[in-house]
Structures are given as structure tokens and as C-alpha cells.
Amino acid sequence: MATDAPVARNRKALHDYEILETFEAGLVLAGPEVKSIRSGRVNLKDGYAALQGGELWLHNVHVSPYESANRYNVDPTRPRKVLLHRSELRRLVGRAAEGGLTIVPLDLHFRRGYAKVTLGLARGKRRYDKRESLRRREMERDVERALREAQRG
């Protein structure tokens, strides 16, 4: 069963960052974490990915403990290893090292039974950039609304 619908999204990342490029990567998870993620009990809001010892790790992603697992549960905010091809990892880390760029999780989904995270190479938005993107979105809504009204009338 291939479900690519996101289990969790990081809407805050789309508001706070300008996404330059996206990558899909696997995650190393414990059994109870997978069950908890399947039930949607995960928070990506403050998450980020960082290089440690030549490997990419996902930090500050909160996966709530699975109730039925009791003693087998792990720390909810522990760093989780991200699985990428070596070439993708080199490219992603090389671009992030350019300066002013960071790697943030955008969503968490399942593909062919495996938990996958979509990582985005991102540049932080300034306050005026955020206002500009909100203004642009409002204008697009107004145009769509006016077109619908014109079609009805």
C-alpha cells in the first residue's frame, strides 16, 4: 500500500523560510515511533537537520510516545539519523555550508511502508518578506474570488 499523503507537515517552515530545493530521505526509527507517526502524533515545527560525523541527523522533531509500548518507548525528541545517498548528502551539505542556508523538515509521509521525510534547503525570510508573501497570497485570493463572482453573475 503506497500512501504518499503527509502524516505531518511543517507549515511554519513554509512561512519562516524560502525553500530553495527539496530532498526525500529515509529515517532510522524505533518500532514504537513508527506506530506513533502512523497515528499522526509527530511535531516537525522546530525541527532541523545537521551534519554530525559525516552523517545527517534530524533534531528537535517530537514523536510522542506510543501508549501501548510502555518500556520500549524512546526519548521523544532524540536525534534521528537521516538516510540519504552519499552524493545527495554531499550536495545538500555543500549547499547548506554556503552560508545563510539551513536544512528543515517539510513533511513526514510513508512510501511503500517506510517513513520518509521531505527535507528542504531553506533560506530564512526577513519580516518584510513574510509580509510580502502574505500580501501576494491575499491578492491571489481576491483575484480568484472576483473571477468566481464574474462567472456566477
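Predicted model: local features only at pLDDT ≥ 70, side-chain atom pairs only at ≥ 80, totals over all residues.
User: Which side chain does aspartate 142 meet in a salt bridge?

Analyst: The general idea is a Lys or Arg side-chain nitrogen within 4 Å of an Asp or Glu carboxyl oxygen. Here the partner is arginine 145, with an N to O distance of 3.0 Å. Both residues sit in helix 4 (residues 127-152), 3 residues apart, about one turn of the helix. Arginine 145 is partly exposed too, at 41%.

User: Which residue forms a salt bridge with arginine 152?

Analyst: That would be glutamate 149, where the closest N and O atoms are 3.6 Å apart. Arginine 152 is exposed at 64%, while glutamate 149 is partly exposed at 48%.

User: And where do arginine 41 and glutamate 67 lie in the chain?

Analyst: These two form a salt bridge as well, with the closest N and O atoms 3.4 Å apart. The pair links distant parts of the chain, 26 residues apart: arginine 41 is in the loop between helix 2 (31-38) and strand 3 (42-43), and glutamate 67 is in the loop between strand 6 (62-63) and strand 7 (80-83). Arginine 41 is partly exposed at 35%, and glutamate 67 is exposed at 58%.

User: How many salt bridges are there by this rule?

Analyst: The count is 11.

Methods:
Residues numbered from 1 in each chain as written. Heavy atoms only, no water. Helix = DSSP H or I, 4+ residues; strand = E, 2+ residues; numbered from the N terminus. Buried < 20%, exposed > 50% of the residue type's maximum accessible area, 1.4 Å probe, protein only.
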